[in-house]
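Please look through the sequence and the model shown here before reading on.

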Amino acid sequence: MMAETDADGPRLAELLALGRRLWEELEASTEPSSGAPAVQDKVRQGLDALQRAAAMVAQLELFSENEALEEIASADLKFMLLPALLGALTLKQVDLSKRMEHLENARQHFLHFLKLCRNYGLGSFQLLPGTSSEERAGSPPDPRDPNQPNLVAMAMSRTAKIERYKQKKELENKLASMSSSVESGTADEDQVREFYILQIQKWIGTSLEEIESIDQELVILKSRDAARQAPASSRGPSRPARAPIKPFILTRDAAQARVFGAGYPGLPTMTVDDWYEQRRRQGVVSQQGFGEPASPACPSPPAGAVDEESQKQQQEKKEEEDDEEALQKARDWDDWKDTHPRGYGNRHNMG
């Protein structure tokens with residue numbers, strides 16, 4: 001069936017040509033940012049033109065699952081590219097808040113194009129069983145799940161990718177040599193038909209690559225969203241908040257507490273015994289070691305360890321007494337200097 005024209009607006013061929021031209025300009029653009037207003041304006045114009053063209057194709061019923069490739073008019077073959085072009089332009093939208101939506105929409109466009117090509121026997125790709133259009137309407141499968149059907153079996157093989165790359169280069173060379181005669185209108189119908197079929201085959205390879213890339217990005221986005229929405233309890237038990245400890249000066253005994261406290265009237269002092277007693281009441285340390293009997297599960301230390309501990313305590317007590325005596329001598333010397341000026345009592349050098 002030949003494509004009909006629309007008397008009330010642009011023709012179907014003009015809409016396709018506009019959308020394709022805008023896509024080619026975006027591909028060749030040197031704009032540093034894909035989010036630039038001029039770039040996104042072209043994306044919107046191209047999508048609008050292609051969507052209107054796709055609606056007209058559906059209304060005209062140009063393609064059917066029950067017809068063969070030979071039944072399609074040569075001039076209508078180019079309209080099979082509409083879903084692939086829609087997918088390519090959809091991917092150029094840069095709204096990060098709708099990135100997942102854009103990826104899924106583009107994926108559906110590429111799948112629509114591949115299914116259309118498969119129905120007409122175009123291309124050497126293969127879709128696995130169980131990948132009907134109804135099953136594709138849901139969420140995209142996770143490529144990491146081996147139980148999910150993969151729609152692009154060849155894309156998973158490195159050898160297939162290399163072969164597809166070679167075919168793409170061959171197709172581009174053939175298309176470049178034929179484009180001038182087709183665009184100028186000097187090509188016959190067979191040449192025009194071959195030209196459009198080569199274009200379709202080129203976009204089959206592009207669609208397979210884009211679907212694989214989309215599936216990989218969707219996995220990353222879904223993993224990121226799942227991590228953000230995970231409750232705090234699933235990330236491990238939280239530690240109980242500890243009450244802040246007020247600053248204080250830790251001294252060896254009460255005598256040192258009086259001495260150090262005199263110089264810091266705003267800062268409390270506390271002996272080691274007082275500090276341990278406070279921590280024991282708070283339940284931070286056990287009661288063992290404060291003169292209380294040990295529990296049956298904790299046997300008493302051997303006699304040698306007790307004697308060693310006793311000697312250590314006596315040595316510390318002696319050092320404390322020596323320190324207190326030295327401190328008293330220092331105080332007496334300061335008091336003597338206050339009442340005896342320098343040189344007092346020195347009469348040997350009198351002139």
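Glu194 has its place in helix H7, which covers residues 189-229; helices (H or I, at least four residues) and strands (E, at least two) are DSSP runs, numbered from the N terminus. The model is a predicted one, in which local features need pLDDT of at least 70 and side-chain atom pairs count only at pLDDT 80 or more, whereas totals for chains, interfaces and linings use all residues. Residues are numbered from 1 along each chain as its sequence is written, and side-chain values use heavy atoms, with hydrogens and water left out.

With a relative accessibility of 42%, Glu194 counts as partly exposed, a class that lies between buried (under 20% relative accessible area) and exposed (over 50%), as judged with a 1.4 Å probe and protein chains only. Together with Asp188, Glu189 and Asp190, Glu194 forms a negative surface patch. Such patches are made of residues with over 30% relative accessible area and no salt bridge, like charges being joined within 9 Å and nonpolar side chains (Val, Leu, Ile, Met, Phe, Trp, Tyr) within 5 Å.

Of the 351 residues in the chain, 28% are buried. The chain exposes about 23,800 Å², and carbon and sulfur atoms supply 50% of that area, which is computed by the Shrake-Rupley method with a 1.4 Å probe. Among contacts (heavy atoms within 4.5 Å) with a separation of 6 or more, 65% are between residues 24 or more positions apart.

The C-alpha atoms of Ala55 and Leu12 are separated by 9.7 Å, although the two residues are 43 residues apart along the chain.

The last topic is charge pairing. A search of the whole structure finds 12 salt bridges, each being a side-chain nitrogen of Lys or Arg within 4 Å of a carboxyl oxygen of Asp or Glu. In one of them, the side chains of Glu25 and Arg21 meet at 2.9 Å, N to O; these residues are 4 residues apart in helix H1 (residues 12-27), so they are separated by about one helical turn. Glu25, at a relative accessible area of 29%, is partly exposed, and Arg21, at 41%, is partly exposed as well.

Glu27 forms a salt bridge with Lys92, with the closest N and O atoms 2.8 Å apart. This pair links distant parts of the chain, 65 residues apart, since Glu27 is in helix H1 and Lys92 in the loop between helix H3 (82-90) and helix H4 (99-119). Glu27 is partly exposed at 47%, and Lys92 is partly exposed at 22%.

A further salt bridge joins Arg281 and Glu277, whose closest N and O atoms are 3.7 Å apart. Both residues lie in helix H9 (residues 272-281), 4 residues or about one turn of the helix apart; Arg281 is exposed, with a relative accessible area of 58%, whereas Glu277 is partly exposed, with 27%.

Notes
Lys, Arg positive; Asp, Glu negative; His and termini not counted. Charge placed at Lys NZ, Arg CZ, Asp CG, Glu CD.
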